[in-house]
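Thanks for sending this one over. Here are my notes, in numbered points, to read with the structure open beside you.

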Amino acid sequence: MTSIPGIKKVLIANRGEIVIRVAGTLKRLDIASATVVHALDADSPAARAVDEVCVIEGNTPVSAYLDATQIIEAAKEIGADAIHPGYGFLAENADFAEAVTQAGIGWIGPPAAAMRLMGDKIESRRFAAEQAIPLTPSANEEDDPQTFQQRSLDIGLPLLIKASAGGGGKGMQIVREPANLAPAIGLARSEAERYFADGRIFAERYVDEPRHVEVQILADGHGNVLHLGERDCSIQRRFQKLIEESPAPCMDAELRDRICTQAVELARAANYQNAGTVEFVLAQDGDFYFLEMNTRLQVEHPVTEMVTGIDLVEQQIRIAAGEALAFSQDDISFEGASIECRICAEEPDHDFRPAVGQLLLVRPASGPGVRFDGGIAAGQTVSTAFDPMLAKIIVHGRDRDEAIARAREALRESVILGCATNAAYLERILAHPDFAAGRVETGFIPAHMAELATSPADSIERLELLAVAALTNQDFLERRDAVPEPYASMGSWHN
Amino acid sequence: MMRRIESRVNVLSEDYQRFHAKNIERLSEFHRRQDDARFERPQRDHDRLAHHGKIFVRERIKLLLDPGTPFLEFSSLAANSEYDGDSKGASVVTGIGIVSGREVIIRADDPSIKGGAWYPLTVKKNVRCLDIAIENRLPVVHICDSAGGFLPLQSELFADQVSAGRIFRNQAILSKMGVPQLSLVFGQCTAGGAYIPALSDYAVILRGNGGIFLGGPPLVKAATGEIVDADTLGGADVHTQVSGVADYAANSEEEAILLGREIVSFWKRPDKIKKDRRKPEAPFYDPKELYGIIPDDIKIQFDMREVIARIVDGSYFHEYQPDYGKTLICGYSYIWGHRVGIIGNNGVLFNDSSLKGAHFIELCNQNRTPIVFLQNITGFMVGREYEARGICKDGAKFIMAQAGSAVPKFTVMVNGSFGAGNYGMCGRAYDGRFVFSWPNHQIGIMGAEQAANVLADVKVRQLERAGTTLTDTEIEEIRLPVIESFERESNAYYATSQIWDDGIIDPVDTRNTLGIALSVAENVPIEEPRYGVMRL
Amino acid sequence: MGYDFELENRTSVVHPASDGCGNAGPNIVALSIDGVRTEVSLTPGRLEGEFILEVDGRSERVFAATDGDNHFIHLRGRTLQVAAINALERAQQAAAPTGGDEALRAPMPGVVVGVSVEEGAEVETGQLLLTIESMKLQTAIVAPFHGRVAEISLEAGANFEQDTVLVRLEAIETTTHEHGNDSTEEKSP
């Protein structure tokens, strides 16, 4: 691999699996890696995956990773040439991108201007409308706060109330009854303030049984804008993606081409650079609406890597270093199908409430076509301080059926002990006939709630589990071994 | 390397089939009586227990024992021939079990019978179980729930050497030996009963039902005029917060039992004597074949080797002096991995068999081997020839060796125990660690027929001297009541009712019974043997 | 205490159950699970946390790890949790007096240093209610059970005698556990 001029050391301003993911590419490119860690993560696999570690502090662990000044100081101190922000935290913060650049450090991401334009939900929608990209009807509170409720109702129910600065499903509320509008606005605003420190919200038409389809874009500083195909991310709970795949199932070539072309045109018009994702809502009738653009690397980027064979992080670094894309749209080929499953510390049967605990044993799945991106190891504490995602299983198959089969097998083979996870739940989604048939939509989980619920252990399973528990329980074994002979051998004999 | 006993039992033979049928009948009679004593209570007694929120005594014991471990119960049919059968099992359950991995004696009052009141045989059974504790250094868990002495029969249970006072004396002796005791007080412990928890190292008392007082509320009122309710007088809070008579208060029997289990888990384990141990092995021959070996008539002889083969490990037996004194079988074997000497009767005791027995007992003492006696004995041989050869002298040697023996002794009454044979073969009087009987067993100074003949003969000669001759009918009239009374009182049920043994057992349970007996016997070091003067 | 295990909110009793002869194979353990006797073998595997479980001729690869009383077991593609139950603790909770008031009395004469809750407040078991000082030693008065503060009669600085009621608590019902099948196999002795 040819080295990249100007980039010898990269600070990854993030935590968890994405640090390990980026560090992997850096290593392959012979670039030194560093990351920031809060004390809670000091001994994490992410901290161990990089060449250098900078300790950061904060009132809460999350606030440390959101502290731009501290992170830039750290980057300067270790002499990092560039910062890779990963996803989440500061990844979509244009002010941070700007501060990084002003500090003379390279920014592995889009220019701040493009982030400001496309990263803001309201701004990006205005811009998209100007480019004749289809949009769902919407109303913006900022335009006239007094009439926001009425304008929202004028769009027609159902409605979705969202945070302008949001992402990741946080700060979103569905409204199906007019009476619920006011409380939903309140909730959306308070969540927006809590998560994004920005209380601006807007309302838009809610599409029933919609699919979430997004297009991966790569754009360099030389005017080249390409798409790397689409991803279907319809399987969601609480507006957060659980399963993503590429290509999108049940989508004909013509529709695929139209969506991807629209995405490329939007990125080109915005002078977008680096990797980005254009998200659409796809209605069951084939209509699609622009949703938003994510100006960063997505959690689900590996499925695109699997079908295209292109390392997106490498391309991000090359673009940031000023290189031109080394391939054209026609050079990109799409092979087979890929699925990603997000293993989260949560209890699907209890409304996906977060689970906590100390990880006791982690055994990633492996095998042909299986990739396990995780930043977890035994001994690590899973707390509610961070996002509940523990790891991602990404599989590749010759076709979707093979990918599903491999994903199911990989989920069954992955062992994460010490904290409840949704792994078995994910496996049940993949096993569901509707999923196998490609009948996916963002309401898939609530619609199939009963079929997806955990089935209780049957009598054989119960017996096996109890036997294993007893025979690995110190107290039980001590009590058993305390019984002297011949009593132990006699069993419960009674004259 | 020992050789396996070669069984000559033919399971297809007519005798085997007939014996088998008879013994199954005897066994079902035994189980019927045992189930009745253990579980059958008038509904009102069950209701009364339920009303007070009390768990049945057998459930209490089950909760106390380590699950999946055995319980060797003593004298389950004690008192079955007394008090019109009212005091089932003598109103108390005693036995050896495992609590938190420790061998303990459990002594549990049975409040489902007359409020757990102590009959004279209840006291005898209590004393016996504490004797077992002392002899084998076994800790005791008392589950106290007794109304006190059964007053109508107080004279039979109070004043004598082995009356109620002996219970508390034994508790004190046990404590002096460094053997711990725990009391779970689930009912009222009144008068002497109050000393059971007070003399225990640990006492848990149940809130509500539990009470400990020297004098209960009626006695207090009679004695001093003070009117006080039971809880204020001696309830859980008084004793655990003020008096210090008990150590822990519990809110439920289950809680108290689990707490008791935790207490026992801190007790030291006994220092077992070091002995050669083998890996246990089930008998090669099916113990159930014992049912076809024990005859349907006490007069029919059988080979004791067939019994040994169905008790010992792998049916292996090293026979000592196989060709001398052949009416007494002696030899070494293993039971549940413990080396034992076995002495069993194969007929009447002659001079040679008595000498062989005495010699073998000395050998077992020399090499510290516990002895198991399998009794089926009609007595020592009588007649001019044998008296002339000194059968009394040889019998005396056998008794002297046996009584002076220092190794633990265990006796199983497998069929008959008559006359001085009972003495030589370690009857109850000889301080064996345990005596157990089979349901077919008979015991007496002599057989019913012999006794009737002796008494009739005495009468006939008396009358002859007076010049009267009795008709056959008149002789029968003398004989019949003697036969009846002897048969009743030599029966295994009568014997066990009087606590002449530690209980009737199913023959197939002999192996496990002895296995536990041998295990607890190892808690006590074996002293040097010392014998009296052997008449040579 | 070593024998009770909870799986999916149901308690099961597991204990050794020898066949009476000790004839089982070297690695085979006989267990009674909810009164049913089963012969199992659990052999550690090559990998950390791996075991080979054999029951009734079936062989399964399992992964198991224990965190205190919690057992995490990965069996046939899914992970379930089994919790070891302390039977004494549970019996104490089940038998503890419920409902009604409880007066927390001064263990010795002293002075109130601080009051940490207000009347009417709901308090968790172990929550600090008052701090008192006596003989130069401070003592925390904590809630003995989940309840509501019915009365606090003293303010900071107030003196009190031994046995003075410091706080009166009202119990709040907490949910109790469901018990599973009991043993059917064994008679009581």
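1. A word on the labels before we begin: helices and strands here are DSSP runs, a helix having at least four residues and a strand at least two, and they are numbered from the N terminus. Please also keep in mind that this is a predicted model.

2. Let's start with Ala420(A). This residue sits in a loop of chain A, with strand S23 (415–417) on one side and helix H14 (423–431) on the other. Its C-alpha atom is 28 Å from that of Glu402(A), a residue 18 places away along the chain. Which residues does Ala420(A) touch, leaving aside its neighbours within four places in sequence? In chain A they are Cys344(A), Ala345(A), Glu346(A), Glu347(A) and Ala355(A), and Gln81(C) joins them from chain C.

3. That brings us to the interface of chain A and chain C. Chain A puts 40 residues into the contact and chain C puts in 53 residues. About 4100 Å² of area is buried between the two chains, and carbon and sulfur atoms give 67% of it.

4. On the polar side of this interface, 13 residue pairs are in polar contact, with both residues at pLDDT 80 or more. There are three salt bridges between chain A and chain C.

5. Which elements of chain A supply at least two residues each to the side that touches chain C? They are strand S19 (361–363), S23, helix H18 (459–471), helix H19 (474–482) and helix H20 (487–490). H18(A) gives the most, with twelve residues. Sorted by type, the residues on this side of chain A are 22 nonpolar, ten polar and eight charged.

6. At the start of H19(A), a side-chain oxygen of Asn473(A) comes to within 3.1 Å of the backbone nitrogen of Asp475(A).

7. Now for some backbone geometry to check. Most peptide bonds are trans, and most residues other than glycine have a negative phi. In chain A, the peptide bond from Leu157(A) to Pro158(A) is cis, with omega near -10 degrees. Pro158(A) is placed in the loop between helix H8 (148–155) and strand S7 (159–163). Glu485(A) and Pro486(A) are also joined by a cis peptide bond, with omega about 5 degrees. Here the loop that holds Pro486(A) runs between H19 and H20 of chain A.

8. Chain B brings positive phi values at residues that are not glycine. Ala79(B) has a phi of about 65 degrees, and its loop lies between strand S1 (71–74) and strand S2 (92–99) of chain B. Is Ala79(B) buried or exposed? Ala79(B) counts as buried because its relative accessible area is 0%, where the cut-off for buried is under 20%.

9. You will find Ser315(B) in the loop between helix H11 (304–308) and strand S10 (318–320) of chain B. With a relative accessibility of 0%, Ser315(B) is buried.

Note on methods:
Residues are numbered from 1 along each chain as its sequence is written. Chains are lettered from A and ligands numbered from 1 in the order in which they are written. This is a predicted model: local features need pLDDT of at least 70, side-chain atom pairs count only at pLDDT 80 or more; totals for chains, interfaces and linings use all residues. Side-chain values use heavy atoms; hydrogens and water are left out. Contact means heavy atoms within 4.5 Å. Buried area is the accessible area (1.4 Å probe) that two parts lose on being put together, summed over both. A salt bridge is a side-chain nitrogen of Lys or Arg within 4 Å of a carboxyl oxygen of Asp or Glu. A polar contact is a pair of N or O atoms within 3.5 Å; within protein, one must be able to donate a hydrogen and the other to accept it, and residues adjacent in sequence count only if both atoms are side-chain atoms. Ala, Val, Leu, Ile, Met, Phe, Trp, Tyr, Cys and Pro count as nonpolar, Asp, Glu, Lys and Arg as charged, and the others, Gly among them, as polar. Buried means under 20% relative accessible area, exposed over 50%, partly exposed in between (1.4 Å probe, protein chains only).
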